[in-house]
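This briefing covers a predicted model.

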Amino acid sequence: SAFVDQFKGKMKRILVYIMISGILCWVWLGMICLQILPFSLTSLYISTIFASSLTYASSPIFFEFTVELVYPVSEEVVGGLLTLGYSASGMLFLMLFNIPALEDNPHWIPIALMVSTSIALPMLLTVKEEYKRLGLDMNL
């Protein structure tokens, strides 16, 4: 967040870079898990750490970007709705493990990780960047 604060008005661009990097790392991890790339414990660790770090690092930036976009709506409302969405999608993902056909075949998991991360990028690219709150803060 301190890094993003240095680049005021560029949250969308930073999010796009983070998401593309995260998608590439998930694809790398998926190719290792699906045995398309040769297995190496080092590459497994590196791809997992980078993919997870980039994905989790994007969450607070998405929260902040969403708050900027919907200003003057309260931050609590936006944060609550985004948390509800994150929690519901996580719950749905975990419920997939109760389906017997999916439980017996774990090869769907890396594909699901790649796809779920990739879904956010086209939606992010369609958003028009507006910084109403930042504009008010800068005028003070």
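The protein exposes about 9,300 Å², and carbon and sulfur atoms supply 70% of that area. Of its 140 residues, 26% count as buried.

**Overall build**
- The secondary structure comes to 7 helices and 0 strands.
- Read from the N terminus, the elements run α-α-α-α-α-α-α.
- The C-alpha trace spans about 55 × 30 × 25 Å along its principal axes.
- Among contacts with a separation of 6 or more, 71% are made by residues 24 or more positions apart.

**Geometry of α2 and α6**
- Two packed helices are described by the angle between their axes and the distance between the axes.
- Helix α2 covers residues 11–33 and helix α6 covers residues 108–126; their axes come within 9 Å and cross at roughly 160°.
- Because angles over 145 degrees count as roughly antiparallel, α2 is roughly antiparallel to α6.
- The crossing of α2 and α6 is left-handed.

**Residues in the α2–α6 contact**
- From α2, the contact is made by Lys12, Leu15, Val16, Met19, Ile20, Ile23, Trp26, Val27, Gly30 and Cys33.
- From α6, the residues in the contact are Pro110, Leu113, Met114, Thr117, Ser118, Ala120, Leu121, Leu124 and Leu125.
- By class, the contact of α2 with α6 has 15 nonpolar, 3 polar and 1 charged residues.
- Lys counts as charged, and Lys12 of α2 is one of the residues in this contact.
- Gly counts as polar, and Gly30 of α2 is also part of the contact.

Definitions and conventions
Residues are numbered from 1 along each chain as its sequence is written. This is a predicted model: local features need pLDDT of at least 70, side-chain atom pairs count only at pLDDT 80 or more; totals for chains, interfaces and linings use all residues. Side-chain values use heavy atoms; hydrogens and water are left out. Axes are lines fitted to C-alpha atoms, for helices over the stretch in contact, and angles run from 0 to 180 degrees between N-to-C directions. Helices (H or I, at least four residues) and strands (E, at least two) are DSSP runs, numbered from the N terminus. Angles under 35 degrees count as roughly parallel, over 145 as roughly antiparallel, 65 to 115 as roughly perpendicular and the rest as oblique. A crossing is left-handed if the near helix is turned anticlockwise from the far one by less than a right angle, and right-handed if clockwise. Contact means heavy atoms within 4.5 Å. Buried means under 20% relative accessible area, exposed over 50%, partly exposed in between (1.4 Å probe, protein chains only). Accessible areas come from the Shrake-Rupley method with a 1.4 Å probe; for residues, only the protein chains shown count as cover.
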